[in-house]
Amino acid sequence: MYFLIFGILISFLISIVSAVSLTQNNNSYTLKNNYATVVISKKDGYITSLKIAGDNQEFLNRSYIDANGSKAGFHAKRSTIIKNTNDHVEIAFTDNVLNMDWEVRYTMLNDTKGIYFSLKLDHKSNYPDTQFSEIRLILRLKSNPFSWLQVEDDVGRYLPTAEQQKNCQVMGPKEACKVKTGEVIHKYDWSIDALKHDVHGFTTKNGLGCWFVTPSMEWKNGGAYNRDLACHQGENDSLQIMYMAGSHYGAGDEYPKRGENWSKVYGPYLIYLNKAGSPQASWRDAKAVAKVEKAKWPYSFVSQSGYVKQRGSVSGKLTIRNPLNNSAFRLEDAVVTLVQPESNRESIPNQQWRHYSFWTHSISGISPNFSINNVIPGTYQLRAWSKGVVGEFILNKTITVTAGRTTNLGETVFTEKRVGPIAWEIGIPDRTAKEFKHGDHFNQWGLPYKFPKEFPNGVNYYIGKSNYARDWNYCHVSVPGRDGKYQSIPWNIYFNLRKKPTGTSVLRVSVAANSSTALSVSINGGKNTAEVADFKDDACVRRDGIRGFYRELEFKFGPNDFKVGENKITLHARKTGGYTNNYQFDGIMYDHIRLETPGL
């Protein structure tokens, strides 16, 4: 009996020590546990202070929630305490912005090392039309001492000081800025791909860190296809941003219409505070926490309406075959995603926003198994792709997901397009241009400017002699003409044939990204093929990306278009628009090019 009473007493004391508390005054709420103290303004619903236990360092200069590049802002009209116990404090703030009801929630549990944030947007059928391109939460941290930025394992650095950034010289594009050290910093160099992303933020030299930890990006417009801005710096502020909706890389606007009931819950995601001794240790710790948070998803503590806890899963076996011999390819880093079928209502997956999307990645092997877990019940289209295989593959039937059940698809078999043996190929089919010159450091301002000096005669690539890591630029950009205006120049591919093909050959061009550029092809100085000009602008050239809107193109040639001996295929890129400040930032990024030739 003594031990039972003693155990109850110890449990009670522990619960008191580790409890979360809520205090308030006329201006703010303060949420506090053993790990963090967070102050939230009643006036706006913004976080005004972030501190970690045992360290008096203030993280924030300020924070805010807005839309469309600060053209519209959230300013709470009402706040409500949803829950206030020793284990769980939750506060809701509401406003109507852009003809939508906004509900922001902050949640701190007794063991939360920071605070959870979520946002629900609700457009009722009787509300007027609306349109938005961005919805974001911005934490403006103190750049001194929060000067180390990190968004991926291999993308992290100290940023220039506020003094070095002061009165910087605006470059082209306008978001790029030359600081006093001579370095040009460009905020888009720290963008992230949603496909595998889970952490980004800032830390101090001694590892005091503030991180967005994202267990799921199912709510992100464009889903697994999306790329967006994440962090950058502006003199005294280190800007840590979560774009819940974003159009920086071509994802487009969202536009609920009158008569349309539409709502979506963004998050919750964790604003994680830590201290780990160094920037690298702080990053590793945040990544470890991300794994823990993913295992908790969907969160049991969420009570916000519209957040779905009862979910299902989709499983199966992914097979992609070679049509010439029916063998299965060994897949590498394959992706399977669930999106909405394209229709008059739904655009391409890169631009879908009404619904949630789900995916799994890093699938490898011959006919590997896959599983997509925690899928909200509904109807979806399955799409898949794999490194080393050309194309994006679409299942020819929709999939229905039911709560509490696994939809087992069995073996899902796709066939790559291929009309004949491969005469030659350039690059690696992986939906990026990373393998080409500069592709391994693509997130660096100014690379398009280098092209005229590095390739004064354009690209002239010789099959069997040239090396695509050295001799093929990551982007087919335009260059200054004699009249000073930018113009595209052709790229040539030279190759030898011992005999002519016996049937129609295909030059299969996989496009990784495109900005205001049309493409046609010619062979041996002949007539250009029909031009492909209906690309969507994904902004990768001007915003230092390497993966945009994937596209697979076929250019067909008859046997007599070829000759025995040396042949030349020319890629004609034509500038159709572009960014006009200092440089016409148009271009096309090739993912992979191959010539398929029957009879060879």
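Trainee: The largest cavity has a volume of about 90 Å³; why is it called a cavity?

Mentor: This is a predicted model, in which local features need pLDDT of at least 70 and side-chain atom pairs count only at pLDDT 80 or more, while totals for chains, interfaces and linings use all residues. Residues are numbered from 1 along each chain as its sequence is written, and side-chain values use heavy atoms, with hydrogens and water left out. A cavity, on a 1 Å grid over the protein atoms alone, is a set of points where a 1.4 Å probe fits but cannot get out. The volume of about 90 Å³ is the space filled by probe spheres set on those points, which are joined across faces, edges and corners. A search of the whole structure finds 5 cavities of 30 Å³ or more.

Trainee: Which residues that line the largest cavity are the closest to its centre?

Mentor: Of the 15 lining residues, the closest to the centre are Val339, Pro349, Gln352, His355 and Ser357, where lining means having an atom within 4 Å of a point. The lining divides into 6 nonpolar, 7 polar and 2 charged residues, with Ala, Val, Leu, Ile, Met, Phe, Trp, Tyr, Cys and Pro counted as nonpolar, Asp, Glu, Lys and Arg as charged, and the others, Gly among them, as polar.

Trainee: What makes the space of about 930 Å³ a pocket?

Mentor: A pocket is an open set of points with protein on both sides within 12 Å along at least five of seven lines, and the largest pocket holds about 930 Å³ of space. Of its 37 lining residues, the closest to the centre are Asp193, Thr432, Lys434, Phe442 and Ile546, and the lining divides into 12 nonpolar, 8 polar and 17 charged residues. Among the elements that give two or more residues to this lining are strand E25 (330-339) and strand E28 (378-387); strands (E, at least two residues) and helices (H or I, at least four) are DSSP runs, numbered from the N terminus.

Trainee: How do you know that E25 and E28 pair, and in which sense?

Mentor: Two strands pair if DSSP finds at least two bridges between them, and E25 and E28 are joined over 6 bridges in the antiparallel sense, with Glu332 standing opposite Lys387 in E28. E25 is also joined by 6 bridges to strand E26 (residues 358-366), again antiparallel, and there the bridge partner of Arg330 is Ile366.

Trainee: Why is E25 described as largely enclosed?

Mentor: Buried means under 20% relative accessible area, exposed over 50%, and partly exposed in between, with a 1.4 Å probe and protein chains only. Because 7 of the 10 residues of E25 are buried, the strand is largely enclosed by the rest of the structure.

Trainee: Why is Pro501 called buried, and what does Pro501 touch?

Mentor: The relative accessible area of Pro501 is 4%, so Pro501 is buried. Pro501 lies in the loop between strand E37 (491-497) and strand E38 (505-515). Leaving out residues up to four places away in sequence, Pro501 touches Pro559, Phe562, Thr597, Pro598 and Leu600, a contact being heavy atoms within 4.5 Å. Thr597 is found in the segment after strand E42 (587-596), and at a relative accessible area of 1% Thr597 is likewise buried.

Trainee: What makes the phi of His438 worth a remark?

Mentor: Most residues other than glycine have a negative phi, and most peptide bonds are trans. Phi of His438 is near 75°, a positive value in a residue other than glycine, and His438 sits in the loop between strand E32 (422-427) and helix H4 (447-454). Ala539 also has a positive phi, of about 65°, although it is not a glycine, and with a relative accessible area of 1% Ala539 is buried.

Trainee: Which peptide bond is cis, with omega near 0°?

Mentor: That bond runs from Gly172 to Pro173, and Pro173 lies in the loop between E14 and E15. The bond from Trp297 to Pro298 is cis too, with omega near -5°.
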